[in-house]
Amino acid sequence: MPVAPHRSLDAALARHLAQVTLQNVRAEYPWHLAHLVRGADDVRAPRELFPVFWGSYDWHSCVHMHWTLARCLRIAAQSVDAAAIEAHFEDRLTASAVEREVAYFAALGRASFERPYGWAWLVKLALELEWLREDRPAARRWADALAPLAQLLAQRFVDFLPRAEFAVRAGTHGNSAFALVLAYEYAQKTQHRALVHAIADRARRWFGNDRRYPADYEPSGDDFLSPGLCEALLMAHVLADCDFGDWWDAFVPPASSLDRWLAPASVSDARDPKIVHLHGLNLSRAWCWRGLAPRLPESLQAPTTAAIDAAFVASLPAATSGDYVGTHWLASFALLALTEPVEAGTPPQ
């Protein structure tokens, strides 16, 4: 008998997600290092390179697992070990540690480090801390400490996007649309008008004329994002309702291939660090469908609801159990799918 799907974050699941996340952000090894080595003395341990984000297998995963902790602390504080999470943030998110992270990004040759995926998750973490500071006084220190790095990366988006003639349509870290969905939320909340404009302009240029998206070509073998659905979610953010309706009518895949987005991808080996990405794909599709649903035609409401439920049944368990190649990051995608999207600028509950 299939497990009943979760449609919201209950107390037990919040506790499990927070527990596995707290364990992972404290695990320095194994570590997948993406680092430009400029000399023999530039080879150092993760915590020396990245004094804030040195756990959870790699830099970007550590960033979004910190977002997971912040989100759990804000919306499920009674269900998680809030004291342990607060103590962790007090230890990591200090002004001096963030200053060293900023220096790493500012060093020669690192202009594209973690672009765009890590950039987007960093500003999303900053946004979550801005929401958290309204209810939890200690979060004011964490938000203020992280702000210089968030501001640096927001400006990097502003500087980079006008030069990006073409979108990256991969289903992995380079995906342009996914990153811009996260960055757009940050830009609106912080009233970063230059970033709002840059994202909206580039989204329209990249995706405004897309027609009959070829969903038959998804997924690739190590996707954790649906390029087509992420694109649609971005356009839902930047277009007014009526404009999005017209865009969707032109964009939506033929009915014969739409099932590729509605059925969960099978994961043949969750111990493989690439194949396990497909669990993330299922969860990120659920996130996209939840965000798109209010703007989709009535004929798609029941199929998308069923698709969300099937995605949770297939992949939610992988967020809290299994091999470290999955558990070091999947909690974030589970939490996205369970608590978002919402209208831009409104804190998810």
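Predicted model: local features only at pLDDT ≥ 70, side-chain atom pairs only at ≥ 80, totals over all residues.
Ala, Val, Leu, Ile, Met, Phe, Trp, Tyr, Cys and Pro count as nonpolar, Asp, Glu, Lys and Arg as charged, and the others, Gly among them, as polar.

**First stop: the largest cavity**

The structure holds 2 cavities of 30 Å³ or more. Select Trp261, Leu262, Ala263, Pro264, Asn282, Arg285, Ala286, Trp289, Ala307, Ile308 and Ala311, which together line the largest cavity. The space inside this cavity amounts to about 50 Å³. Colour the selection by class: the lining of the largest cavity has 9 nonpolar, 1 polar and 1 charged residues.

Next, display the helices around the cavity. Two or more residues of the lining come from each of α12 (255-262), α13 (277-292) and α14 (301-315). Which element supplies the largest share of this lining? That element is α13, with 4 residues.

**Second stop: the largest pocket**

The elements that give two or more residues to the lining are α3 and α6 (117-132). The greatest contribution is that of α3, with 4 residues.

How do the lining residues of the largest pocket divide by class? There are 12 nonpolar, 9 polar and 4 charged residues.

Select residues 59-75 for helix α3 and residues 82-92 for helix α4; the two helices pack with their axes 10 Å apart, at an angle of about 135°.

To see where the helices meet, show the side chains on both sides. On α3, select Cys62, His66, Leu69, Ala70 and Leu73. On α4, select their partners in the contact, Ala82, Ile85, Glu86, His88, Phe89 and Arg92. Colouring this contact by class gives 7 nonpolar, 2 polar and 2 charged residues.

Note on methods. Residues numbered from 1 in each chain as written. Heavy atoms only, no water. Axes fitted to C-alpha atoms, helices over the stretch in contact; angles between N-to-C directions. Contact = heavy atoms within 4.5 Å. 1 Å grid on protein atoms, 1.4 Å probe; cavity = no way out; pocket = protein on both sides within 12 Å on 5 of 7 lines; lining within 4 Å. Points joined across faces, edges and corners; volume = space filled by probe spheres on them.
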